[in-house]
Amino acid sequence: MTFFLQQCLIGLTNGALVAMVALGYTMVYGIIRLINFAHGDLIMLGACLALTLVSALGMAGWTGAATWLGVALLVLLCGLFCGGLNVAVDRIVYRPLRTAPKLAPLVSAIGVSFIFMNVGLFWLGPADRSFPELLPARNLLAGEGLQFTAKDLLVIVVVVPLMIALSVLVKSTRLGKAMRAVSQDPTAAALVGIDVDRVIAATFFVGGFLGGAASVIYGLYINTIGFQMGFQNGLYAFTAAVLGGIGSIPGAVVGGVVIGLVRALSSAYVGERWTGAIVFAILIVILVFRPEGLLGRGTKEKV
Amino acid sequence: MTTSPSPDVLTDATTASPRDRLLAFVRERWDLVALVALAVAPLVVPALGGALGGQVTTLFVYCILALGLNVMVGYTGLVHLGIAAFFGIGAYLFAILTVPMYPFQMRFVTAAAVSALATAGIGLALGAPTLRLRGDYLAIVTLGFGEVVKVTLRNLEQITGGMKGLNPVPPPGAGLKIGGTDLGLAFAIDPRWFYYLALLTLAGVVVAMRRLENSRLGRAWVAVREDELAAEAMGVSATRVKLSAFAMSSAVAGLAGCLYAASLSTTADPNAYDFNRSIMVLCAVILGGLGSIPGTLLGVALLVGFDTVLAPWADSAIQQWNINPSGSSLLSFSGWRLAIFGLALILVMRYRPEGLVPSRRMAAELHEAHA
C-alpha cells in the first residue's frame, strides 16, 4: 500500500509538471487552433537558460533561503525568456499565416521546433547534461514511510500558485475576458474592439511563461536535460491537454495529473520501457471515444 | 508540367531550333528522360557498383515511401505524422516472412506482397476508428501510433530482435539459379541489382500513382481534401475515400519497407522508424509540392542529397579552407542541419505553400485561400 501511495505521490508531482506544459499547448490551441509543436522545444531552451544561469551565478554553492530566492529568480527569468521567445515566434512565423490553410502554421511550428532543437544542440552539446541538485534532499514525509523531498515540494509550491494566478487572469481580468472572446470567435471579438493580435500575443506570452517556469522545475526535479528532451515531454504534455479537453484550462490540469499518475503507475507496475506506448495508446483511445476530452466541450466542424 | 502536350507546344517544337525542341521534350517527358538516364547510369558510372549504388537505392526507397505519404497528405489532405511506423511495419513483416529464424521463408515477391497488404490492413485498422477526427487530431493519432509502434518494436525482443533488429534478410531470388549463377548471390555481391529492382519498383509506383490521380478514386481524394461537405453532398462517401487513402498510403509505405529491409539485409534497429524519419519524409513531400509526383520525388532527392552529398561536401570544404581549426560544431555545416530544414519549412509555408513543383490544383487552392 505504501508503495502504491508512493507511486501516486510521484505521479502527482510529475503530473503537476506535465500540467504546466500542457497549459501552454491548450491556451495556444484554444485561441488560434494551432498545435504548437515547438512548445516542448521552447521548454528545452528554457532549461538551457536555467542551467547557464545556475552555473553563471554559482548557485550550487548557495544554501537555505538564498537557494529558494535564487529558484524564484530562475523561474521569473526563464519564464520571461520563454514567454518573450514565444511572442517573437508568433509575430514572425505564425501571424503572417493567420488566414492560410491550417496545414501551413502546423508545418511552420514543426520548422520552429527544428530550429529550437538546433539552438539547443549548440547550447548544450549533443550529450545529456546533468542539472545540479540545488535543493536539500531531506525527506519531509519520513514519518509516513514515504519519500517526499524539497524537490517535490518545490513542484507544488511553484505550480499551484501559478495555476491560481492563471485562472484569476483568465476568469476575472479584462485580458482574460478578451482571450475567451477571441477563442470563441476572433471576428466577433475584433468587431467589438478587441485587438485580436495583441490578445493572441498575450496568450503566447502566458503559455511561454508557464513553460519557462516548468523548465526550471524540470531541471531541478529530473536533474538531466538534453536538446532532445522537448519532443518527448512536449508529447506527454500535449497528450495531457487532449485528454483534459484541448482548449480547456482546468482540463489541462486534470489531464496533466492523470498522465503523471499513468506514467508513474505504469513505470512501477508494467515497466518503464512501456510507459511511452501506454501513454500514447491512451491518447489514441481517448481521441477515438471522447475526442472532446474529459472536460472539453464538443465543437462542431463549421462550413 | 502537364502530362499531355498542348497543341501550341507541338507547333512550337516543330518550328523551333533543335535545342529548344530537345528542351521542350525534356519538359514534357521528364519522367521518361529521368528513367532512361537512371537506367543507363549504372552502366556508365562505375561508382554505382559500390557504396554509391546502395545510397541511390535507399534514395529510391524513400521516394516510394514519400509517394505513399503523398496519397494521404497531398491528395487527401490528411496530415500524417507517423508514416515511418508503416515503413517499419512493412520492413519487419517482410523480415519475419523471410529470415531463417522464422519458419515462413517466403520468396521475395510473395513476402513483399503479403507484407504490403498486411500493412494496408494495419492502416485500415488504425484509420477506421480515427478518421472521423478533425484534421489536427488525426495528425496526433498518427504521431502517437508511430511512437507506440517504435516502442513495441523495441520491446518485443523475442519477435523483433529488439535493438538488433531482424537479420539476415535474404536477398531476392536466393537459391534461384539462372544460367548457373545464384540470383540471390548476385544481389548480395553487386548493389546494381538492388538499384534496378528499386528503380523498377519506383517506376511502377509512379505509373500507378499517375493512373490513380486521374481515376475516380483519385478525384474523390482531391474532392474530399478541398471540401469534405461538398464532396459528401455530391455523393462521395468521405469515410470510404479517406479509408482507401489510408490503406493505399500504408501499402505503399509497407512496400518501401520491404525493399529497405531487403536492400540492407536487415530491418535495422527500431529507431530507423521513428518520428524523425516520418517528419523528414513529410518535409520532402511538402517542400517538393503536396499532391505532385515530380515535386515529391524532387523533395526526397533534395533532402537525401542534402544529407549525403551537400553536407559532407560543405564540411570537408570548411575543413580544407581551415576556417574552423577549433572543430567547433557552430562552424560545421552539418551542425546546422536541423535549423536549415526548419527554416526551409517555414519559408516554404510562408512564400510558396504549394511547394517547389506544385500540382496545379494545389497551387490554385492555396492561392485562392490567400486572396
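**Close-up views of a predicted two-chain model**

**View 1. Helix H4 of chain A is mostly covered, with 19 of its 22 residues buried.** The model shown here and in the other views is predicted. At 1.5 Å a residue, the 22 residues of H4(A) should span 32 Å, and the 31 Å between its end C-alpha atoms agrees with this. Just after the helix, Gly125(A) has a positive phi of about 85 degrees.

**View 2. Chains A and B meet through 34 residues of chain A and 36 residues of chain B.** On the chain A side, helix H4 (103-124) and helix H11 (275-289) each contribute at least two residues. H4(A) gives the largest share of that side, 13 residues. Sorted by class, the chain A residues that touch chain B are 27 nonpolar, four polar and three charged.

**View 3. In chain A, helix H6 (residues 174-184) packs against helix H8 (residues 196-222).** From H6(A), Leu175(A), Ala178(A), Met179(A) and Val182(A) take part; they meet Val196(A), Val199(A), Ile200(A), Ala202(A) and Thr203(A) of H8(A). The contact of these two helices has eight nonpolar residues, one polar residue and no charged residues.

**View 4. In chain B, helix H4 (residues 51-75) packs against helix H14 (residues 275-288).** The angle is about 70 degrees and the axes are 9 Å apart; H4(B) and H14(B) are therefore roughly perpendicular to each other. H4(B) makes the contact with Tyr62(B), Leu65(B), Ala66(B), Leu69(B), Asn70(B), Val73(B) and Gly74(B), and H14(B) with Val281(B), Leu282(B), Ala284(B) and Val285(B). Nine of the residues in this contact are nonpolar and two are polar, with no charged residues.

**View 5. Met209(B) sits in helix H10 (residues 191-213) of chain B.** Met209(B) counts as buried because 20 other C-beta atoms lie within 10 Å, and 20 or more is the cut-off for a buried residue. Leaving aside residues up to four places away in sequence, Met209(B) touches Leu67(B) and Ile293(B). Thr142(B) is 67 residues from Met209(B) along the chain, and the C-alpha atoms of the two are separated by 23 Å.

Definitions and conventions:
Residues numbered from 1 in each chain as written. Chains lettered and ligands numbered in written order. Predicted model: local features only at pLDDT ≥ 70, side-chain atom pairs only at ≥ 80, totals over all residues. Helix = DSSP H or I, 4+ residues; strand = E, 2+ residues; numbered from the N terminus. Buried ≥ 20, exposed ≤ 12 C-beta atoms within 10 Å, placed from the backbone. Contact = placed C-beta atoms within 7 Å. Nonpolar A, V, L, I, M, F, W, Y, C, P; charged D, E, K, R; others polar. Axes fitted to C-alpha atoms, helices over the stretch in contact; angles between N-to-C directions. Parallel < 35°, antiparallel > 145°, perpendicular 65-115°, else oblique. Expected span 1.5 Å × (residues − 1).
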